[in-house]
Amino acid sequence: MPTYPQKLVILDRDGVINQDSDAYIKSLDEWIPYPDSIAAIARLSQSGYIVAIATNQSGIARGYYDETVLAKIHARLKTLVEAAGGRIAHIAYCPHGPDDKCTCRKPLPGLLHDIQRVLGLSSLSGSWMVGDSLRDLQAGHACGCRLVLVKTGKGAQTAQKDLGLNNALICTNLKDFTDNLLAGRLG
C-alpha cells in the first residue's frame, strides 16, 4: 500500500512523546514517555496513519551519551508502541551539535527529507509535523507540512512567545492532537 503525505504524521520526540530535560535525556532510565503518548501513536497507526519521528539529538555531539544509548531508547519506544498495537515507520535523528554546520538539524529540513526518502514519497506537502518548539515547525514549514504545536515540553513557552505560529494549530498534547485528527476536526 503506498504512503500518501496527508496520511503521514511526523513527531518530534523530546517534549512531544516523552518528557524533555534541559540536562538532556542521557539514559534509558531518563526516557519517560508522557502517559497518553504511546497510546496516541498506536491509535494513529491503527487509523491508517504512518508515524515517523524527527529528533535533534545534540547530546551525542556534546558527549552526554552515544548512539548505542540512543538506539536503546528508540528500541524501547518502538517496543511500547508495538505492544499498544501501533508502529513507527522511521526514526530520523540528528547527532550533530548546533555549530556543526550539518544539513539535518532542525530547523533545517534534512531529517524530514530523510523520512521522505525512506518512505518513498515525492513530497511531504500536506503531511503533519507535530512539535513543541519553533524549530520543529520551521522544519515542517520548509517541507509544506501542516503544523501542530503541542503545549508539552517547551510547547507552552513557545506558544506564549507567539512568534512564527501563525500557521500552526495548537493542541494540549499528542493525545489532544490525535483525538482531534481522528475525529475529523483538523481537516
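The legends below describe close-up views of a predicted model.

View 1. The C-alpha trace spans about 45 × 35 × 35 Å along its principal axes. The radius of gyration is 15 Å, which agrees with the value near 16 Å that a compact globule of 187 residues would have. Of these 187 residues, 49% count as buried. Among the contacts with a separation of 6 or more, 64% are accounted for by residues 24 or more positions apart.

View 2. Six strands form an open sheet in the order E3-E2-E1-E4-E5-E6, and their pairing is parallel. Strand E3 (90-94) and strand E6 (168-171) are the edge strands, each of which pairs on one side only. On average, and with direction ignored, neighbouring strands of this sheet are turned by 20 degrees against each other.

View 3. E2 and E3 pair in the parallel sense over five bridges, and the bridge partner of Thr-55 in E3 is Tyr-93. Although E3 is an edge strand that pairs on one side only, four of its five residues are buried, so E3 is largely enclosed by the rest of the structure. Helix H2 packs on the sheet, where H2 touches E2 and E3, and the direction of H2 makes about 150 degrees with that of E3.

**View 4. His-74 and its surroundings.** His-74 lies in helix H2 and has a relative accessibility of 8%, a value that counts as buried because the cut-off is under 20%. Leaving out residues up to four places away in sequence, His-74 touches Arg-13, Thr-55, Ile-91 and Tyr-93. With Arg-13 there is also a polar contact of 3.0 Å, which joins the side chains of the two residues. Two of the residues touched by His-74, Thr-55 and Tyr-93, are themselves bridge partners.

**View 5. The largest nonpolar core.** This core has 27 residues, of which Val-9, Leu-11, Ile-17, Leu-77 and Phe-177 touch the most other members. The elements that contribute two or more residues to the core are strand E1 (8-11), helix H1 (37-46), strand E2 (50-56), helix H2 (67-83), strand E4 (128-131), strand E5 (146-150) and helix H6 (174-182). The largest share, four residues, is given by H1. When neighbours within four places in sequence are left aside, Leu-11 is in contact with Val-16, Ile-17, Ile-41, Val-51, Ala-52, Ile-53, Ala-54, Met-129, Val-130 and Leu-174. A second, separate core has 24 residues, and these include Ala-54, Cys-102, Leu-111 and Leu-112.

**View 6. The loop between E1 and H1.** Tyr-24 lies in this loop and has a positive phi of about 75 degrees, although Tyr-24 is not a glycine. With a relative accessible area of 23%, Tyr-24 is partly exposed. Asp-36 is found in the loop between E1 and H1 as well, and its relative accessibility of 37% makes Asp-36 count as partly exposed. The C-alpha atom of Asp-36 is separated by 32 Å from that of Thr-103, a residue 67 positions away along the chain.

**View 7. The loop between E3 and H3.** Lys-101 lies in this loop and, although it is not a glycine, has a positive phi of about 55 degrees. At 78% relative accessibility, Lys-101 counts as exposed. The loop between E3 and helix H3 (110-119) is also the place of Pro-107, and the peptide bond that leads from Lys-106 to Pro-107 is cis, with omega near 25 degrees.

Conventions
Residues numbered from 1 in each chain as written. Predicted model: local features only at pLDDT ≥ 70, side-chain atom pairs only at ≥ 80, totals over all residues. Heavy atoms only, no water. Core = buried A, V, L, I, M, F, W, Y, C linked by side-chain atoms within 4.5 Å. Buried < 20%, exposed > 50% of the residue type's maximum accessible area, 1.4 Å probe, protein only. Contact = heavy atoms within 4.5 Å. Pairing = 2+ DSSP bridges. Axes fitted to C-alpha atoms, helices over the stretch in contact; angles between N-to-C directions. Polar contact = N/O pair within 3.5 Å; in protein donor to acceptor, adjacent residues only side chain to side chain. Rg over C-alpha atoms; globule rule 2.2 N^0.38 Å.
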